[in-house]
Structure formats: C-alpha cells, structure tokens
Amino acid sequence: MVDVRKEALEMSERLGGKIEVVPKVAITNMQELSVAYTPGVAAVSSAIAENKEDVYRYTSKRNLVAVVTDGSAVLGLGNIGPEAAIPVMEGKAALFKAFADVDAVPISLATQDVEEIISHVKAIAPSFGGINLEDISAPRCFEIERRLKEELDIPVFHDDQHGTAIVVLAALYNALKVAGKEIDQVKVVVNGGGAAGTAITDKLLAAGVKNVLVCDIDGVISSDDPNLADRHKDLAARTNPNKEQGTLEDAVNGADVFIGVSAPGVLKKEWIGTMNDKAIVFAMANPTPEIMPDEALEGGAFIVATGRSDFPNQINNVLAFPGIFRGALDARASDITDEMQLAAAKGIASVIPEEELSTTNIIADAFNPKVAEVVADSVKNASKE
C-alpha cells in the first residue's frame with residue numbers, strides 16, 4: 001500500500017509546492033514584450049481607468065479566486081498557523097484548476113483578529129473575482145463571512161461551512177429517494193454545532209426539513225435550556241421544535257437521519273437500532289468517522305456515507321466548490337446566495353440518474369466529469385432568478 005503521507009512530503013519537497021503561475025501569452029521577442037508589458041499595457045490600464053468594469057474584460061480577475069485562511073482550523077489539525085496552512089490552500093487552488101478551470105491563489109494571513117482579516121481581504125479584493133474563505137475557526141468565521149459578503153461586490157464563500165453542507169444535502173436528496181422518505185417528514189440529528197454543523201442545519205431547513213435536532217458535546221441544543229451557550233442561541237431558535245433534551249443517544253431515538261461533523265466513535269452501533277426503519281447515517285468526521293460503516297450497517301443502518309474515499313458514498317466538498325465558483329464567475333454574480341447553493345445541491349444530486357441510485361450509490365464520484373459543469377450551470381441559472 002502507498003504511504004500517502006510520505007509521498008505527499010516527497011512530492012511537495014521535489015516540486016516546491018503544488019501550484020505555479022504560468023503566463024497565457026508568449027514573451028519571446030521585443031514585439032511580444034511591448035504588447036504584454038510596456039508600452040502596450042498602458043492602453044489596457046487606461047481603458048480600465050475610464051471604465052472600472054472593464055477589469056473583467058481585460059484582466060485575470062474574471063477567473064481568479066483568492067483562497068484565504070488564517071490557519072486557525074486546518075483540516076483536523078487545528079490551529080497550526082498560516083505557514084502550515086499553505087499546503088492545504090495550495091491543494092485547494094490545484095483542485096479549483098483541475099475540476100473547473102478556475103485560477104486560484106493561496107493567501108495565508110498572519111493574524112486571527114476578525115477586523116484585521118476583514119480589512120486585509122477587502123484590501124486585496126480588487127485583484128480577484130471571488131473569495132474562498134478556508135479553515136477559519138468558528139465562531140469568527142461566521143462574522144468574517146457575513147461582513148465580507150455585505151461589504152464586497154464579489155462572491156464570498158466559506159467552503160468549510162457551505163461546501164460541505166451543499167454536498168450533504170445533495171446526498172440526502174438521493175438517500176431519501178432510495179429510502180422512500182419525504183424531506184419534510186423526517187427527523188434529522190446533526191451532531192456538531194460548529195461551522196459545518198450550523199451550515200448543514202441551515203441548508204436542511206432551507207430545503208424543507210421540519211424537524212432538525214443539533215447536538216454538541218453537552219447534548220441536544222434546545223432553546224429552553226437554561227445553560228444554553230450564547231453561540232447556540234440562534235441555532236436553538238430555529239431547530240428542535242419539540243424542545244427535546246438529553247444526550248446524543250436520546251436524540252437519535254426515533255430519528256431517520258444522523259449527520260455527524262463531530263468526533264470519532266461518538267455514535268454507538270446499538271443506538272442505530274433505536275432509529276426509524278431505513279435509517280440514514282452520514283458519519284463524516286475525518287479521518288475516523290463517528291461510526292465505521294461496517295458497524296453502522298451491523299447496527300441496522302440502511303444507507304451509510306462518510307467523508308472517506310475508501311468507502312462508498314463519499315461526502316466530498318470538491319463536488320461543490322469548483323463548480324459553484326465557475327458558475328458564479330461566469331454569471332458575474334456579486335454573491336453566492338442560498339438559492340444558488342440549493343440549486344448546486346440539486347445539481348449534484350441530479351448527476352446520478354434515478355435508476356442508478358442505490359444504498360451504495362447516492363452521490364457522484366469526485367472525478368465524474370459532469371459534476372462541475374452541472375453545478376456551474378445550476379448556479380448560473382439560479383443567479384438569474
């Protein structure tokens with residue numbers, strides 16, 4: 001078996017990272033130099049000075065995204081700092097190019113102050129057609145995204161929240177079809193009240209789920225809990241309509257769907273037996289899920305998905321973010337709205353024909369060539385509505 005960690009280190013050392021800047025034009029003689037740079041470039045700059053919107057006509061801005069982090073919540077590694085976050089941001093930039101032909105630049109900021117991050121991103125925004133926020137810890141990520149969406153005229157998207165949530169929703173659409181259940185009739189338990197869990201909950205509610213319970217380390221989040229943390233008050237106001245309380249074990253009793261974005265091993269096999277018939281389990285903690293798929297199936301789960309590539313039904317946000325930005329950039333959208341995100345989820349779900357859906361085939365493979373195009377078209381069309 002290939003040692004992926006060793007290979008990644010060797011590759012990164014050999015190549016000096018995963019991305020490079022390559023000019024689109026040849027510069028091999030004085031004529032080409034004069035057109036690409038001075039004096040020819042003055043004509044392009046003058047045109048943009050007269051009409052700022054021409055920056056999209058004449059520059060890379062129309063296809064360029066900044067992948068911005070502060071290094072505070074990198075993968076499962078935690079607050080490892082901006083330098084250590086660069087390999088992940090480079091990887092993200094490489095995925096943008098490989099899956100949707102979007103050019104992306106990794107930017108690691110040496111600050112974790114909310115106001116400084118907002119200020120820095122606003123200052124560099126003129127160079128970019130979109131901003132992808134990445135690996136910024138909760139709850140600061142909520143405020144940073146909200147403010148930047150309000151204050152910039154280009155799309156701002158926090159992929160750790162919305163990318164994961166969109167793919168989860170796409171997988172759920174298809175899982176419910178296979179299970180023969182309606183989205184407005186199911187009880188869903190989301191384990192994890194951070195950035196991803198909150199975004200998933202928002203998407204579920206927007207898609208028509210009526211009964212969502214969110215659990216964190218202290219149990220079910222309920223609006224009538226006297227010890228409710230401030231960061232969970234808004235979430236509690238929009239979920240748990242029956243004011244259930246208790247542990248995760250209590251929450252999954254009678255549930256149709258479990259969605260985990262939390263910690264390894266927290267869902268016990270015997271608890272799945274208390275869920276409703278044809279239980280759906282999305283255990284997405286990485287690299288070790290909330291419950292291993294074989295255990296979940298032994299416990300009675302009907303459909304199991306994880307974030308891993310070595311099991312069926314991988315929930316992978318690479319299915320979402322490249323196509324979403326491709327569509328947003330092509331549409332010259334100023335925002336990636338909830339409607340565009342729901343359209344992206346439906347687009348991802350539609351890639352698998354209904355006759356091919358099964359318990360082990362509810363979500364497209366990351367390398368399915370249709371995905372980015374379908375998502376981009378879905379987002380672009382939704383932006384016009």
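Me: Is Val25 buried, exposed or partly exposed?
Reply: Val25 counts as partly exposed, at 47% relative accessibility (buried is under 20% relative accessible area, exposed over 50%, partly exposed in between, with a 1.4 Å probe and protein chains only).

Me: What kind of model is this?
Reply: It's a predicted model, where local features need pLDDT of at least 70, side-chain atom pairs count only at pLDDT 80 or more, and totals for chains, interfaces and linings use all residues. Residues are numbered from 1 along each chain as its sequence is written, and side-chain values use heavy atoms, leaving out hydrogens and water.

Me: OK, salt bridges. How many does the structure hold?
Reply: There are 21, taking a side-chain nitrogen of Lys or Arg within 4 Å of a carboxyl oxygen of Asp or Glu.

Me: What does Asp70 pair with?
Reply: Arg140, at 2.8 Å, N to O. The pair links distant parts of the chain, 70 residues apart: Arg140 is in helix 7, and Asp70 is in the loop between strand 1 (64-69) and helix 5 (82-100). Helices (H or I, at least four residues) and strands (E, at least two) are DSSP runs numbered from the N terminus.

Me: Are those two buried or exposed?
Reply: Arg140 counts as buried at 18% relative accessibility, and Asp70 is buried at 1%.

Me: And Lys122, which residue does its side chain meet?
Reply: Glu151, in a salt bridge of 2.7 Å, N to O. Lys122 sits in helix 6 and Glu151 in helix 7, 29 residues apart. Lys122 is partly exposed at 37%, and so is Glu151 at 34%.

Me: Which residues join them in a network?
Reply: Salt bridges with shared partners tie them to Glu115, Glu143, Arg146, Arg147 and Glu150.
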